[in-house]
Amino acid sequence: MTEPGRSARAGVPERPALDGIEDTWARRWQDDGTYAFDRSKARADVYSIDTPPPTVSGELHMGHVFSYTHTDTVARFQRMRGRTVFYPMGWDDNGLPTERRVQNVYGVRCDPTLPYDPQWQPPAAPVDDAARKNPTPISRRNFVELCGTLTVVDEQAFEALWRRLGLSVDWSLTYTTIGRAARMASQRAFLRNLARGEAYQAEAPTLWDVGFATAVAQAELEDRERPGAYHRLRFAGPDGREVLIDTTRPELLPACVALVCHPDDERYADLVGAVVRTPVFGVAVPVRAHPLADPAKGTGVAMVCTFGDLTDVTWWRELQLDTRVVIGRDGRLLPEPPAGVPAGPYAALAGQTVAGARRAVVGLLADAGDLVGEPRPVVHPVKFYEKGDRPLEIVSTRQWYLRNGGRDAGLRAELLARGGELHWVPGHMRSRYEHWVGGLTGDWLVSRQRFFGVPVPVWYRLDDTGEPDFTHPLTPDESALPVDPSGEPPPGYDESLRGRPGGFVGDPDVLDTWATSSLTPQIVGGWETDPDLFGRVFPMDLRPQGQEIIRTWLFATVARAHAEHGVLPWRDAVLSGWILDPDRKKMAKSKGNVVTPMALLEQYGSDAVRYWAASGRPGMDLAFDPAQIRVGRRLATKLLNASRFALGLGAADALRAPYDSSSSARLTPRRDLELSATQPLDTAMLAELSGVVATATSAFDAYDHTAALQATESFFWRFCDDYIELVKERAYGTGPGADSARAALATALSVQLRLFAPVLPFVTEEVWSWWRYGSVHRAPWPTTYEVDRAIGGAADAGLLRLASDALGQVRRAKSERKLSMKAEVPLAEALGPADLLDRLTLVADDVRAAGRIGRLDLLPGRTPELVIACAV
């Protein structure tokens, strides 16, 4: 490894170009260890980032480029400020998205009852639609191995793209959420949650995704508008009274356990406490009152079923109603009716899909004369698992939960207080956290009935009849982690006792992927495995992430750190906005409007794409705009060419060796070798640049990379278009005036390269290598003190703008007369207030030279503002 402070200078090329610099510098940075984390530094010198591990289940898109570029600008800025940056990269490779991708790519499905086949080979991928519709069953172990194989391929592609984008990640710190370190941390945290009473198991109504055949958590729900129909059903009330209810789910009629109305609804006050009978089935159900009933919805009285939606669960729990479950885990109606429901009419529904049962029940209602009128079409929100494609059902299952304040007011208050301690960027995002925590209705369901995930690390004793004892789970010692209960016996048992009375059975479930991802600071920080590292990086400084996962990743990470460590997991949280398509709609894979980045990176260059990404502030939405990427390409090209021109004027010689390269970590200024800018135009330019440095530094400190870029870019174009043009004739010469120009050019170029470096890492590194030692990304961030020190006299920051105004008027005069900018101007007159012309006198020589003016007369008092009249 080459020390970053000792890399040789490359010299200025004759024809600098952007093409190919990404590959060159990505390799050099890796070989030189430019971004390696220095774990010898004290915690005060460390800046640690809890990087979002992208889900490895397809392709990265421009939304990823957008947000990860923002994080990288922070890492680069902090590194140049003298911090050793802990900047890992992770891959979120376990969970349902990976399983689905494996199923689609290879046309397989997991069947846990099958034995492991060590000789099994996957089919050539990708398979056709027929194979996907009729997947080949394989054992759990074969399936998990196949998931692991595919994620490795995907992760390599992701890493290649991130390197191409120029993320300053320390790739030696890479982790995966299915890797050994993640499994150890996830299982350790779960066992400690269990020991403290924060993890518990319960048999309860569970949101169930029929397609994935697993439970899902409240945080993973989303509402989707779907067509449906209201059906009006006639219930038989006391004394021959009919009670009408409207429902979009008539198939749940055999699961009806009550009717409910609002306590203040006078229409049904006399019915509360009475019993009515369901149509078709004739089951007696009570009428109860509850404030969640909406008098304005339908007929004002609702059918309570076990279970149609979350409101049913609330009514069932709070009113202590009976349970009549009719929908199984496969999404079909159970083969046998629940207790108390007659088998005759139910036989037409047994084994049916939900849609088939709905049609059958509607037919039975119509035949019985209990369907009132025609169904009324409606479009209404239906709950889905965010990654699923079928409506969720609610079935009763045994699951593991973590306490999160949903049923504990004290814990809820503590987690809300944690949100108040966190520094939010932008600040209004805090309200989303508070809204989520305040609206929790239950604890966090963390078990999943899937395969490619971190196993729940418990076993259960089997009694003499072979029934598991769920109340006293068997747990491993932490030293044995990670464990897989489906393939390893618990302590004190032999594998031969698996599944036998008096023996044991392993918990078949895995932990929710968020239950592992919520521990990313602990996983990558070496919690309990590397105490020295953990003490240097935790709590971390920054959590960058998307706003849509405040309720999942951010909240869950806060909850886990609060439970285990009693602190916030990080100091600052920076939230990204959305990427919008040209129609101002959010880009999403589900909408088919995403743009993948590799072709853009190859066409325009990585710096150009990063420039587009950096034009969006944290929390603000940004439209995908190729025109903005082209602007970034133009800026990078101009930086190449303007730097070459400035160095050709002698800037490199003016700052021949301003840094001592004996230090590999930080490059130290050498004051004795610096020249000073003494001429008014030069000191004016540097004075203005000093203000830019102050603005950009404050902006980066506030995580506002956009404001920093705007200030730097605005000055750069004026520097190129005006200052260089004004000063180049003098810089070509000799003597104090030329020395001043070259010193100013050298300082300005050095400072601007470092100001641009967090956003445009490749082109700035390329130019830096022409005339400086080491890497620009290891050079110190510029300071106002550094710039001011290069000013060798009085400085009037407004002189550059005044000279630019004068030169601009000369250029316009030539343009209006269709003359070349090189055309001579025999005479020009400067009119304006006397004090303004007195200041113009200080830069008059540079204006004359740049405008090719033979004589410049100053005529004070003729006009209220500067006017340059040219005789051409």
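The talk below sets values against definitions.

Modeller: This is a predicted model: local features need pLDDT of at least 70, side-chain atom pairs count only at pLDDT 80 or more, and totals for chains, interfaces and linings use all residues. Residues are numbered from 1 along each chain as its sequence is written, and side-chain values use heavy atoms, with hydrogens and water left out.

Biologist: Why does Phe 212 count as buried?

Modeller: Buried means under 20% relative accessible area, exposed over 50%, partly exposed in between (1.4 Å probe, protein chains only). Phe 212 has 5% relative accessibility, so Phe 212 counts as buried. Tyr 385 has 3%, so Tyr 385 is buried too.

Biologist: What makes the pair of Phe 212 and Tyr 385 edge-to-face?

Modeller: Rings of Phe, Tyr and Trp (its six-membered ring) pair if their centres lie within 6.5 Å; planes under 30 degrees apart count as stacked, over 60 as edge-to-face and the rest as tilted. Here the centres are 5.8 Å apart and the planes stand at 85°, so the pair is edge-to-face. Phe 212 is in the loop between strand E7 (199-209) and strand E8 (214-215), and Tyr 385 is in strand E15 (residues 371-385), so the pair ties together parts 173 residues apart in sequence. Strands (E, at least two residues) and helices (H or I, at least four) are DSSP runs, numbered from the N terminus.

Biologist: What makes Phe 77 and Phe 700 a stacked pair?

Modeller: Their centres are 4.9 Å apart, with 15° between the planes. Phe 77 lies in helix H2 (residues 62-80) and Phe 700 in helix H20 (residues 680-701), 623 residues apart. Both Phe 77 and Phe 700 are buried.

Biologist: How do you know that the charged end of Arg 141 sits over the ring of Tyr 116?

Modeller: The rule asks for NZ of Lys or CZ of Arg within 6 Å of the ring centre and within 35 degrees of the ring normal. Arg 141 is 3.9 Å from the centre of the Tyr 116 ring. Arg 772 lies over the face of Trp 771, at 4.6 Å from the ring centre.

Biologist: What is a nonpolar core, and which residues touch the most other members of the largest one?

Modeller: A nonpolar core is a set of buried Ala, Val, Leu, Ile, Met, Phe, Trp, Tyr and Cys residues joined through side-chain atoms within 4.5 Å. The largest has 93 residues; Met 685, Leu 686, Phe 719, Tyr 723, Leu 745, Trp 771 and Leu 840 touch the most other members. Helix H21 (residues 705-732) gives the largest share, 14 residues.
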